[in-house]
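Hi everyone, thanks for coming. Please have a look at the picture before I start talking.

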Amino acid sequence: MGKINYSIVDVFSQGKYTGNQLAVFKNAGNIPDDEMQQIAKEINFSETTFILSDKEKAGGYDVRIFTPNEEVPFAGHPTLGTAYIIQSEVLTAPSVKLILNFKGGQIPVSFDNQEEILWMKQNKPTFGQILDANKVSDVLSIDKEYIDNRFPIQEVSTGLPVIVVPLTSLEGVKKVSVNKEKYFELIEDTDAKAIMVFSPEAYNSENDLNVRDFADYYGVPEDAATGSSNGCLASYLVKYRYFEKSEINIRVEQGYEIKRPSLLFLKASEDNGEIIIYVCGKVEKIAQGEWFL
């Protein structure tokens with residue numbers, strides 16, 4: 001029986017047992033695809049990552065990401081959590097920057113060791129179809145009045161698409177309860193399989209937005225902290241001048257409804273029609289061990 005080393009970290013954390021959980025496996029290149037999927041299902045976190053080798057390839061480290069249901073080309077909290085493990089357990093000397101090679105492309109991660117936070121630069125955003133507010137409010141089981149009609153409900157992607165839904169209040173966010181039947185009907189006609197709602201009101205007055213992210217398609221009814229969706233949100237906020245300016249530097253809270261409070265920092269700006277996006281947060285190591293194959 002073979003075995004492989006793995007670690008568990010909390011990403012976008014505010015201390016132990018907050019943020020989004022991630023399991024990271026090292027030197028996993030020999031694990032078959034179907035067994036990677038089985039391991040991710042067994043762990044049942046929103047994502048599990050597999051570092052294929054401790055050797056760089058094309059300037060970065062090859063990494064694969066699995067949800068409990070399927071492999072995805074990119075995800076945010078797995079990027080930061082995996083980079084943290086590479087920095088602390090793979091590299092022989094600390095680095096201020098490294099690159100992760102995903103199926104969705106290369107993602108650079110920078111380390112601010114003084115603040116103990118990690119930054120990732122996300123891919124250029126693409127903006128897809130605009131969805132009907134009546135249909136989306138039915139999916140979310142809320143009154144249409146909770147949707148902020150000043151801004152569109154739209155598919156956005158920086159590597160993993162999400163449907164961004166602007167709400168008017170924290171009350172609206174709290175009332176959201178996804179109707180699974182209508183949700184699966186909706187995503188039959190969308191590239192995005194996840195839905196993110198956001199509000200300008202937050203539980204913590206220091207934070208600028210509260211968000212919730214729902215992704216039953218991937219086996220994640222609600223996510224505690226979603227770096228990819230927040231990157232999409234950052235580009236959306238800039239594109240539509242949500243804060244009435246072409247750049248943002250904000251604090252976003254997530255996970256409060258599922259008792260996993262998380263904190264993400266978003267920076268984005270638009271220059272000559274190009275939106276540059278950074279998502280940042282803290283990572284806390286929780287455990288490490290051996291997995292029997």
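This is a predicted model: local features need pLDDT of at least 70, side-chain atom pairs count only at pLDDT 80 or more; totals for chains, interfaces and linings use all residues.

Residues are numbered from 1 along each chain as its sequence is written, and side-chain values use heavy atoms, with hydrogens and water left out.

Okay, the big picture. The chain has six helices and 18 strands; helices (H or I, at least four residues) and strands (E, at least two) are DSSP runs, numbered from the N terminus. The C-alpha trace spans about 55 × 40 × 35 Å along its principal axes. What radius of gyration would a compact globule with 293 residues have? It would be near 19 Å, and the chain has 18 Å, which agrees. That radius is taken over C-alpha atoms, and the globule rule is 2.2 Å times the number of residues to the power 0.38.

How much is tucked away? Of the 293 residues, 54% count as buried. Buried means under 20% relative accessible area, exposed means over 50%, and partly exposed is in between, with a 1.4 Å probe and protein chains only. The chain exposes about 12900 Å², and carbon and sulfur atoms supply 43% of that. Those areas come from the Shrake-Rupley method with a 1.4 Å probe, and for residues only the protein chains shown count as cover.

Now contacts, meaning heavy atoms within 4.5 Å. Take the contacts with a separation of 6 or more: residues 24 or more positions apart account for 64% of them.

And charges: there are 29 positive and 43 negative side chains, and the centres of the two sets lie 3 Å apart. Lys and Arg count as positive and Asp and Glu as negative, while His and the chain ends are not counted. The place of a charge is NZ of Lys, CZ of Arg, CG of Asp or CD of Glu.

Helix H2 covers residues 76-90, and its 15 residues should span 21 Å at 1.5 Å a residue; the end C-alpha atoms are 20 Å apart, which agrees. The expected span is 1.5 Å times one less than the number of residues. H2 is mostly covered, with twelve of its 15 residues buried, including His77, Leu80, Ile85 and Val90.

Helix H6, residues 227-239, has 13 residues and reaches 18 Å from its first C-alpha to its last, close to the 18 Å expected. Twelve of those 13 residues are buried, so H6 is largely enclosed by the rest of the structure. Among them are Cys232, Leu233, Tyr236 and Leu237. Setting aside neighbours within four places in sequence, Ser235 touches Pro125, Phe127, Val156, Ile275 and Ile277. After H6 comes Arg241, with a positive phi near 50°.

Is Ala225 buried or exposed? It's buried, with a relative accessible area of 0%. Ala225 and Asn20 are 205 residues apart along the chain, yet their C-alpha atoms are separated by 5.3 Å. Beyond its neighbours within four places, Ala225 is also in contact with others, including Val11, Phe12 and His77.

Over in strand E12 (residues 194-199) we find Val197, which counts as buried at 0% relative accessibility. Val197 and Pro166 are 31 residues apart in sequence and 5.9 Å apart in space, C-alpha to C-alpha.

Gln37 belongs to helix H1 (residues 33-43) and is buried, with a relative accessible area of 18%. Ignoring neighbours within four places, Gln37 contacts a run of residues: Phe66, Thr67, Pro68, Asn69, Glu70 and Glu71.

Let's finish in two loops. Lys259, between strand E15 (247-254) and strand E16 (262-271), has a positive phi of about 65° although it is not a glycine. Lys259 is exposed, with a relative accessible area of 68%. Asn272 sits between E16 and strand E17 (274-281), and its phi is positive as well, near 55°. At 78% relative accessibility, Asn272 counts as exposed.
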